[in-house]
Amino acid sequence: MDDSRSAIRAARLFDGERAHNGPVLVLVEDGRITDVDLTGANPPEGVPLTDLGDATLLPGLIDAHSHLAFEAGGATEHQMCHDDDATVLGRMREHAARALRAGITTVRDLGDRGYLSLRLREEFAEGGMGPRIVAAGPPLTRTRGHCWYLGGEADGADEAVAAVADRAGHGVDLVKIMATGGMSTTGSDPGGSQYTLAELRAVTEAAHGRGLPVVAHAHAAAGIADAVAAGADGVEHCTFMTPKGVRLDPATVDAMAAAGTFVGCTVVKPRAGMPDEVLRTIEPYWENQAYMHRRGVRVVCCTDAGINAHKPHDVLPTDLVYFASQVATNTEALTSVTSLAAASCGLAGRKGRVAPGHDADLLAVAGNPVHDLGALSRVRAVLRAGRRVAGVLPQGDVVLPEAGVSGAGGHR
């Protein structure tokens, strides 16, 4: 028996773009998918089979906006200013493991301290079992600007361009810039811009010249428009705050659709006890996300995991339910956290699809998420590069080699 080869069977498939009813057989070799059979065929002789029974197989989920260094419900500013690297890194390992157990096999970390997400990325690459990490490192921000405590302060075009070069030297996967203020930093104004159009353009040109995409955190309408005009590849939050409240700018939306700009729709739900100024943004925020989606903007459901007590690092499956209720169909929602999210993270062709040549990052759930997105929380199995990392398989199945979240396993 060849231990490098395996087969997984399930009753249904969502392949990252469309659903397929009837049995599916996925063949895996050396952590990558070699074939997807929808005819009901048996695996080749000698290839071990895991039959998941009445389950739906889909690509591992991708959270395109997370902060592994942030402890949900923790005192973020204090922790980032006072906890040592070992403490923060230990917390990040726990958060990555929690995400993986929920079927989140890829995490894009959009803001850490001291490039710790790169250290964790390399730790997994060298043998630890964890999600694929796409790392931005410390985000660029003004002195004492939004998330200043992560160490990315840079004022003016020259400092910002030098910061891009520093990140490239560390080996980041992308550059994150705080185009506007934010809601989670003391004294920051989410409705105010932090960088000019010229400064944003200097950053995007410097990053693109090094082969790095740029995503811009932006709540204010002016900051969103400037980020798009500067050539940012993605805009996170995209709230469209103005002095008169949340007001969408159709011209900016059309410019994003034409440019193929990704919008990171960080899910926020109205809750009792929220400040009035936040509650006033939520209804128009969702109306605007739905409008952008209808206009052809590539809207990706993501979480901002770690940012507050309601954002644990396994929250994506439940956030997706709310996203679908406000923005998209169930199928479109599933696409937004699989193949579309993979494209937004620069991983199209490797992640987000159940297709030959893609990594065997797979999630199996009880039920059919195309009909009921709540099925995503009924995890039957999670596979990372073809190795089972979590989940309960039906009794009597041939079980794939198991690897705990801190055990050996390849990073892809």
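Helix α3, at residues 116–125, has as its buried residues L116, S117, L118, L120, R121 and F124. Buried here means under 20% relative accessible area, against over 50% for exposed and in between for partly exposed, with a 1.4 Å probe and protein chains only. Helices (H or I, at least four residues) and strands (E, at least two) are DSSP runs, numbered from the N terminus. The model is predicted: local features need pLDDT of at least 70 and side-chain atom pairs count only at pLDDT 80 or more, whereas totals for chains, interfaces and linings use all residues. Residues are numbered from 1 along each chain as its sequence is written, and side-chain values use heavy atoms, with hydrogens and water left out.

The buried residues of α3 pack against α2 (85–101), β7 (104–109), β8 (132–135) and α4 (156–170); contact means heavy atoms within 4.5 Å. Just after α3, G127 takes a positive phi of about 140°.

Helix α5 comprises 13 residues, 197–209, and spans 18 Å from its first C-alpha to its last, close to the 18 Å expected at 1.5 Å a residue. The expected span is 1.5 Å times one less than the number of residues in the helix. Within α5, the buried residues are E199, L200, A202, V203, T204, A206 and A207. Their cover includes α4, β9 (175–178), β10 (214–220) and α6 (221–229). G211 follows α5 and has a positive phi, near 75°.

In soluble globular proteins, nonpolar side chains tend to be buried together. A nonpolar core is taken as a set of buried Ala, Val, Leu, Ile, Met, Phe, Trp, Tyr and Cys residues joined through side-chain atoms within 4.5 Å. The largest such core has 88 residues, and those with the most contacts inside it are L140, F240, M256, M292, L320 and F323. Helix α2 gives the most to this core, with 6 residues. Apart from it lies another core, of 16 residues, among them V28, L52, A55 and V354. Leaving aside residues up to four places away in sequence, L140 touches residues including A160, A163 and V164, as well as V203.

A disulfide is defined as a pair of cysteine sulfur atoms within 2.5 Å, and by this rule the count comes to 0. C265 is buried, with a relative accessible area of 0%, and C302 is buried with a relative accessible area of 0%.
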